Amino acid sequence: MTAWRLVLGLLAVAAYLAMSHWLTLHAADRPWALAAFVAPLWIGAALVALRARALPALLALAAVAVLVGWIVARGGLGDVRQLYLLQHVGIHLGLGAVFAYSLRRGHLSLIGGVATRVHGRLTAAMQAYCRWVTVSWVVYFGSMAVLSMIVYRYFSWTAWSTLANIVTPLAIAAWFGGEFALRYWLHPEFERATLMQAARAYTRAAPR
């Protein structure tokens, strides 16, 4: 990827995050805004769970989607902001369930599956490290879900929107990039790979 394409990509992401934040603050109750925010994220989370063959996570996402649909159909949604909270918390819990599901005994962790696609065969030490990283993602997703509920309950809607639309993607990027650097510091035996290769492997990961 050339430098100018990287810059354009970063600018596009920044513009999208700013637009999402503005819409959440000023058009949260518009039907088109609800569809634009909720549907793509839930579909994306469901695809991740499907690729990971994480049946519990898929069932949890489906159950929440049915529950929300039933509440909306009965006109009992109330404050539309609760739907955005449910989406943010639900997706994080769903993703946490996908990562946690891959940690069951006798199976390759989700991060181990990613590393295998990037680096090939892993040593026992590398598999143990990947398992630890998978656990750290479970903790991250769970912590973000709890933080989301705390900010929604005790702080302003602007603060929650900032957390959901700006802090969340930046935190994921920082977590992903930090682990990428830590991996080669703690385990130089990992073959060097680009962030793009790792990102593509994440989208294809499916624990066995």
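Start on the outside: V146, M149, I150, Y154 and F155 make up a nonpolar surface patch with about 530 Å² of accessible area together. A patch like this takes residues with over 30% relative accessible area and no salt bridge, and joins nonpolar side chains within 5 Å. This is a predicted model, where local features need pLDDT of at least 70 and side-chain atom pairs count only at pLDDT 80 or more. Residues are numbered from 1 along each chain, and side-chain values use heavy atoms, with hydrogens and water left out.

F155 counts as exposed because its relative accessibility is 52%; the cut-offs are under 20% for buried, over 50% for exposed, and partly exposed in between, using a 1.4 Å probe and protein chains only.

Now head inside. Follow the chain for 40 residues and you get to V138, yet the C-alpha atoms of V98 and V138 are separated by 8.6 Å.

What about the largest nonpolar core? This set of buried nonpolar residues, joined through side-chain atoms within 4.5 Å, has 31 members, and F99, W137 and W160 are among those with the most contacts inside it. At least two core residues come from each of α4 (81-101), α5 (110-119), α6 (124-154) and α7 (157-186), and α6 gives the largest share, ten residues.

Finally, pick out F99. Leaving aside neighbours within four places in sequence, F99 is in contact (heavy atoms within 4.5 Å) with L110, I111, T134, W137, V138 and F141.

Technical notes: Helix = DSSP H or I, 4+ residues; strand = E, 2+ residues; numbered from the N terminus. Patch = residues over 30% accessible without salt bridge, like charges linked within 9 Å, V, L, I, M, F, W, Y side chains within 5 Å. Areas by Shrake-Rupley, 256 points an atom, 1.4 Å probe, with all protein chains shown as cover. Salt bridge = Lys/Arg side-chain N within 4 Å of Asp/Glu carboxyl O.
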